[in-house]
Structure formats: C-alpha cells, structure tokens
Amino acid sequence: MLDLLWHGLVNVAQWKYMLPLFAGTFIGVIGGSLPGVTITMTVIVVLPFTYGLDPLAGLAAMTGVYVGGSTGGLIACCLLGIPGSPASIATTFDGFPMSRNGEPGRAIWLGVWASVWGGLLGALFLVFLTGPLAAIALEFGPWEYFSLFVLAMAMVAGLTEASLLKGLLSTAIGLLITVVGHDPIGSVPRFTFGSEFIGGGFPFLPVLIGIFAFAQIMTDLEKLNGPRNQPVQALAGVRLERFSHLKVNLEIFKQPFLLAWATIVGLIIGILPAIGGSASSVMAYDQAKKFSKTPECFGKGHPEGIIASEASNNANVSGSLMTIMAFGIPGDAVTAVMLGAMTIHGIQSGPLFISQNPDLAYGIYAAYILAHPCMLLICVALMPLMLRVTSVRMAVLAPVVLVLCVVGAYALNNTMQSVYVLLLFGVVGYVLVKLGFPLAPLILGLILGDQIEINLVRAIMTDANPWLFLTRPISGGLLAAAVLSVALAIWQHLRHQNRVVEEEPDF
Amino acid sequence: MSIGRDGIAGLVLLAISLVLLVKSFQLPSLPIVPVGPGFYPAIVLSFMAVASALLVLQDLIKRAPVTADAPDAPRRNYRLVVIAFAIVGFYVLLLPLLGFRVATVLFVGSLQAALGRPRTPRQWAVLAAIALGTAMVSYLVFERYLLVLLPRGAWTGF
C-alpha cells in the first residue's frame, strides 16, 4: 500500500499534475475567501477546465479546490466576521473577535496551520481506512446497497434544519428527476412527454450546476445593496501584525487532543453522506467548547475555537473522499461534482474503484496530501493579495461565474439543451430555496436515484421475497438505522420546535 | 384557517406526484422482468404524494409565524434577481445565434451594469474591460488550450 502511495506521490509530483493541483488549490483558496462563493460553486467553476485534462489531472485540480476552499474561508471569517464559505462558519465565532483584539495575523495563521495539520491527519485515515471500507462494501449485495442508500437519504433529510418533511420531499424531488427518461432495465421511456432530449434523462451535471450555483448566486444578489455589504470593509486589506509561525504551531500542538478530536469529528461527518463542512465545523467547535478547561473564553477570540473549526473542516474533506472512493457515494456536493467528472471520463465509481484504478485512487490520495503544502505556500506567498480579494464585488463576480457555469454545461456534450436544462434547474433551485426546501437531500436523491432503482430491481430479480431487505442482517441493520435516524429527527424537531432560527441556506 | 406558502408548495407537489403516479401505472410491463418500468417511480411518487399531503396538513394545522424573512433580516432585492434571471435567459437565447464571444461580452457587460450601474467613464471602461476580458480569456483557454468547443453563432458565424 505504501508502495502505491509513494508511486502516487511521485506521479502527482510531475508538472502535468502539479500545475492543475496548484492552480486548483489557488482558485480554491480565492473562492473560499470570497463571501458568497462556496466551495461547491468554485469546483463547478473549475469543472469545465477539467474536461480537456486527463482524469487524474482534473481530479487533482478539484481536490486542490476542495482543500484550498476549506482553508480560504477562514480569511473572511477572521477579517469580516462573515464565513467565506459555509464550511468555516464556526471559525467566525473566535477568529473575528481575535482579529478585532488586534491579532488578525495570529487568528488567520492559527486557522491555516490547524487546517494543514487537521487535513494531513485526515490523510492518514484516508489512505489506511478507505481500502478496508471498500472491502466491506464489496460484501454488499443489492439489498445492502439499497438499504445503505436509504439510510444515507434518511440521515440527510433528518439532519436538515428547516423541516424534516421538506427534507424528505426534497429527496423525493431528487429521486423523481432521475426517473425521467428511459428506464434502466427495458429502456421504456418514462415521463418524457414525447421529448427526444428528455428521453435520455436530465444530464446530471447541468442539473447540479443549475440547482447549486444559480440558486446560490441569485440568493446572493438579493442581498446586494443591502446592509450586509457595509461591514464587508471592516478589516479588509488590514496589515497583519508580526508573529512567529513556530509559536502558532506550538499553540496548536500544546493541545494534541483537541487537534485529534476535531480531526476525527470532521472525518466522521465527512464520511456520512451529504452533510458537509459546515456541520463538521460547528460540531467540532461545540465539542471543543465542551471539553475545554476554559469554555467561558469561547466566542471572545479563543485559539481553541479556531483550531477545532479549521482542523475539522479540512479533515471533513478526507472523510468525503473516503466515502466517494469506498462506496461511490458523494460525501457532499463537491464530491458529487467530482463524481460527475469521473463519469465523464468513463470511470466507474464504487467499491471496485480502488482495485480497478489503483493509479487514479492513489493519485487522488497523493493530490490530497500535496494540496496541503501547496495551500500553505499559496497562503504564505499571497496573503496580502487574499486580504484584498475578500472585498471583490458580487457585481463583478456573478457574471463571470455564470459564464463558467454555462460553459460547464455546454461543453459536456456540445449541445445547447444542456444549457436549457441548466437554466430550468437554476429557476427550480432558486424557487426551492425560497420555499425553504434544503438542497442537500435533493442532490443526494439525484446522485443515488439510478443506483437505488437498479439495486432494488436487481434484488427483486434475484429473489422476489421482499422480506430479505429486513432479514439479511446488514441490510436490516441499515434500514433500522434509517428508521431510527428519522425518528431521532422527529424527536429533535419536536424538542426544538420553538428554537427555529432562520439561517443561510447551506450549499 | 388559511393556507400558507408551505401549503401551496405542498399542493403543487401533491398535484405533480398524483398526475405522474397515474402515468406510472400506465407504463407497459415487461415480459421477463418481475417488476415493470413503473414500479420504482410509483414508489417514489407515492412517497412524494404522502409527504406533500402531510406538508399541506402541517401548514393548515400549525401556521408557523416565521417562515420567510425574519424582521431583522436584510432587505431582499427581488427586482435584481428577476432582472438577473432575465439577462441570463437572453444570454442562453442569444448564445447559439451570436456565438460565445459576442454573446458573452454582451452578457457580462449588461449583468454587471444591472448589478451595479457604473457612473464615471472610468467605471464604464472597467466594465467593458471585464466583459471583453472574460469572453476572450475563456475563449482562448477553452478553445485553444483545453480543446473544449464553445458555441458558434448561427447569425454571425463567429
């Protein structure tokens, strides 16, 4: 295994992979640091550039975006008090107060170094645990897969903050989108209304780009000229005070338990499908506060808060990569785009991915590991630029991002139909956001829809007894866990009924 | 008892799921396969119909007072969203007619102007530079370097 990893590292260290990785990481850091631009949107912007590259180069660029974006978000957190991306939301709680106390440099670099160490610690798990996880997945029959997907969807729908019903409906809409087109067994057209284009089904990536990028940009435009734009200048362009990198690192390693625990929290949240970085950042922050000897200092510029949040959101990336590589299920929207890119290159994801494509799999591990020094280098060299980038106006950004979304959809198969699908689902996504429907369950439904149907039909074709879904131990266990997670969600919703606070939609 | 936004959304989704549910029952069954092409859609749609009905019911029983903007939330500029969607719509419409380069210059320029109207000649120059730059750089990178083809204009041939 270490041989393969070494081979992967040497392979990715070549210019043809290093350049896309470096560029991806750079764009990720910039995208992450722009408030209103999420990591998902950044990876969508990078997507069309990867069409012309070889698969590993494209995936390296996307991995770079993912790692860079998870770190870049902290710059806006510390300087503006607004998360640059949802994944770094909890960094705001202590990063901004620390900056306001006159230590913006310490706040930012604590975050950057915690990201590096959290991410690299996560890499250990990624490299050593993905294989065994995939081995477990290989034991799965269609019953277990079906139940696993049901569990994934139940968990995601249950975790949505708005309403469990809306989460479930959102999942159903995602599943419904995949039903349109020819059925996978007998190629009978379903709900196509005579349209030849829909006959092939809605292409996945344009739907994803429309729902995520368009809906996000349009909700950002609503707030344009609003009061939120005023504090944006708060500390933007500030000069960082003198400080020592060694001291910052000592501060992090003084509490190895905090770093390790935040990493594990991030990793676990990452492995669970479609929950995303924001949950891991908040949960690790919460855990750090609970275990801290000085919980009263949290929220006032406590370094522990920054370390926990940033270490966990980078470890979250490794968790998401584990899920996609072991099971073929994306851990979040960013890995969903990566999955889409893999499909374009004809790579089949799933438990056989690592054994069938060892070069690619270990190349992704290597890209993930190397993205961290790249990110550090970019932060060291370009911090003054990034301090200014946070103040780029949405009026400039939005048109450019939208052009790249359109290119991403068009270049998929060089037809305008994909662009029409993009526009259609852009409107659908925006309307759903406005109606308070969470988008993460929809995307998961969209991604898993085909697989759920195929595994369900395959299970029934193998043995018509439907009780097998419950009586096979793993399958039954997974379904029980799905019911439990929905029940837990209902219980929690009932408990917190009066504590509903409207939050930013989490893309 | 009045119906709210969630209730209306639920009703629309309920209608869609019921119409498609009927359609899924009309799909032909296949001779060898034990379950036909309508089997799985019927499960999804039934689930969707029940969840939509529950959403309507929930809305009717308990009209949550806070669903939209909280009172201290920033004022939302929906006019801009409508304009932005319209401009994107025109862009998509013009793309196959004018070609990527011309349509993109127009799109980036007009959307920027709509989002933040330039006032001085310098701001107009910056706007034009960004519009031209976006079109040219993306064209060069995609077509020349990455060999990704972009739309040609039916009217312009460019």
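Student: What makes the division of chain B into domains, and where do the bounds fall?

Tutor: Chain B is divided into domain 1 (5-61) and domain 2 (87-145), and such bounds come from an automatic or database domain assignment. The C-alpha centres of the two domains of chain B lie 43 Å apart. This is a predicted model, in which local features need pLDDT of at least 70, side-chain atom pairs count only at pLDDT 80 or more, and totals for chains, interfaces and linings use all residues. Residues are numbered from 1 along each chain as its sequence is written, while chains are lettered from A and ligands numbered from 1 in the order in which they are written.

Student: How many helices and strands does chain B have?

Tutor: Chain B has five helices and zero strands; helices (H or I, at least four residues) and strands (E, at least two) are DSSP runs, numbered from the N terminus. Along the sequence, the pattern of chain B is α-α-α-α-α.

Student: Why is chain B called more spread out than a compact globule?

Tutor: The radius of gyration is taken over C-alpha atoms, and the globule rule is 2.2 Å times the number of residues to the power 0.38. For the 158 residues of chain B that rule gives 15 Å, whereas the radius of gyration is 25 Å, well over that value, so chain B is more spread out than a compact globule. The C-alpha atoms of chain B fill a box of roughly 60 × 55 × 25 Å along the principal axes.

Student: What makes up the contact of chain B with chain A?

Tutor: The contact takes 57 residues from chain B and 54 residues from chain A; two residues are in contact if their C-beta atoms, placed from the backbone, lie within 7 Å. On the side of chain B that touches chain A, the elements giving two or more residues are helix 1 (5-25), helix 2 (39-61), helix 3 (78-98), helix 4 (100-115) and helix 5 (121-145) of chain B.
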